[in-house]
Amino acid sequence: MMSVVGAQPFIKPMQSSPSVSPGNQRRHTLPASEVRPLNTQDAISVFEIEREAFISVSGECPLHLDEVRHFLTLCPELSMGWFEEGRLVAFIIGSLWDQDRLTTDALTLHKPCGSTVHIHVLAVHRTFRQQGKGPLLMWRYLQYLRCLPNVRRAVLMCEDILIPFYRKSGFKVLGRCAITVANLTFTEMWYPISGHAYMRRNSEAIRFPQNPLTLPLTKTDEQVDV
Ligand SMILES: CC(C)(COP(=O)(O)OP(=O)(O)OC[C@H]1O[C@@H](n2cnc3c(N)ncnc32)[C@H](O)[C@@H]1OP(=O)(O)O)[C@@H](O)C(=O)NCCC(=O)NCCS
């Protein structure tokens, strides 16, 4: 079962932007940039991005609105949203899976005892694409997964045209995916979650690595995956 303790580092907001009022008292405005887990109140914003990104293109989308709500209720700790001044600009939604390969059940089920994170969807709002946000959010998400004690790998299914995109994030091809949606076929890709920051945090010998939620929103060349 996913440990709540393991998810704790994720809860902390990455940045806040307190401003100073004329009376010199601090008040809080919406953060310029914030990465946080999604909740069911974000479902509409998620679906609006999906509608433009997928439905308008193919008539299909990875998660319909009720499925977005379903996963954000069952496993919000496996989602990650990037907000700019309170507006959702990119997101990832995942759930746990307990088999080597994805089957149709993986599209709708969350298997709390599984050690595989099934990434259902990564999407960036249209006006924020081509800025590196998708790869950066994926990198942050993969770093975050290392904090979760039982997670061993992440898997996703994508259309072949996106294989190079996910390869750049470190994913490797697992093979043809058994799932088809309408006329669409997919390739399954995976990413090993190694290093287990959670275990290392509990070891006095090794310092807990940098909290992924406090990592900068610009990935430098030095910040490579481990
Ligand atoms: C795919 C996506 C997440 C990339 O995020 P991004 O922040 O725009 O990524 P980048 O800034 O790195 O730039 C886009 C890169 O993504 C790749 N890419 C984006 N859309 C693509 C598409 N439809 N087909 C192939 N490659 C695509 C390209 O490799 C491009 O690289 P380039 O800079 O060499 O042209 C974003 O375009 C998106 O949300 N698309 C719609 C939803 C989607 O297809 N999600 C993935 C499937 S779940």
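Helices and strands are here DSSP runs, at least four residues long for helices and at least two for strands, numbered from the N terminus.

**Figure 1. Overview of the predicted chain.** The model shown is predicted. Its chain holds 6 helices and 9 strands. Of the 226 residues in the chain, 47% are buried.

Figure 2. Helix α3 spans residues 65-74, and its buried residues are E67, V68, F71 and L72. These residues lie on the same side of α3 because they cover an arc of only 130 degrees around the axis. An α-helix has 3.6 residues a turn, so residues three or four places apart point the same way. D66 and T73, on the other side of α3, are exposed. The packing partners of the buried residues of α3 are α2 (43-58), β4 (79-84), β5 (87-97) and β6 (116-124).

Figure 3. S95 belongs to strand β5. Its relative accessibility is 1%, so S95 counts as buried, the limit being under 20%. The side chains of S95 and H120 make a polar contact at 2.7 Å. Beyond its neighbours within four places in sequence, S95 is in contact with several residues, including F71, C75, L78 and L109. H110, T116, V117 and H118 are also among the contacts of S95.

Figure 4. The ligand has 17 residues around it, of which L122, V124, Q130, G132 and G134 come nearest. An N or O atom in the side chain of R129 is 3.5 Å from an oxygen atom of the ligand.

**Figure 5. I163 in helix α5.** I163 is found in helix α5, which comprises residues 163-168. With a relative accessible area of 13%, I163 is buried. Residues up to four places away in sequence aside, I163 touches C158, V173, T187 and M189. V173 is 10 residues from I163 in sequence, and their C-alpha atoms are 7.9 Å apart.

**Figure 6. Salt bridges of the chain.** The count of salt bridges comes to 7. One of them joins the side chains of R36 and D42, with an N to O distance of 2.9 Å. D42 counts as buried, at 7% relative accessibility. A network of salt bridges links E34, R36 and D42.

Figure 7. R126 and E52 form a salt bridge in which the closest N and O atoms are 3.8 Å apart. The pair links distant parts of the chain, with R126 in the loop between β6 and α4 (133-145) and E52 in helix α2, 74 residues apart. R126 is exposed at 51% relative accessible area, whereas E52 is partly exposed at 27%. A further salt bridge joins R101 and E188, whose closest N and O atoms are 3.2 Å apart. R101 lies in the loop between β5 and β6 and E188 in strand β9 (residues 187-192), so this pair ties together parts 87 residues apart in sequence. R101 is partly exposed, with a relative accessible area of 33%, whereas E188 is buried, with 0%.

Definitions and conventions:
Residues numbered from 1 in each chain as written. Predicted model: local features only at pLDDT ≥ 70, side-chain atom pairs only at ≥ 80, totals over all residues. Heavy atoms only, no water. Buried < 20%, exposed > 50% of the residue type's maximum accessible area, 1.4 Å probe, protein only. Arc of directions from axis to C-beta. Contact = heavy atoms within 4.5 Å. Polar contact = N/O pair within 3.5 Å; in protein donor to acceptor, adjacent residues only side chain to side chain. Near = heavy atom within 4 Å. Salt bridge = Lys/Arg side-chain N within 4 Å of Asp/Glu carboxyl O.
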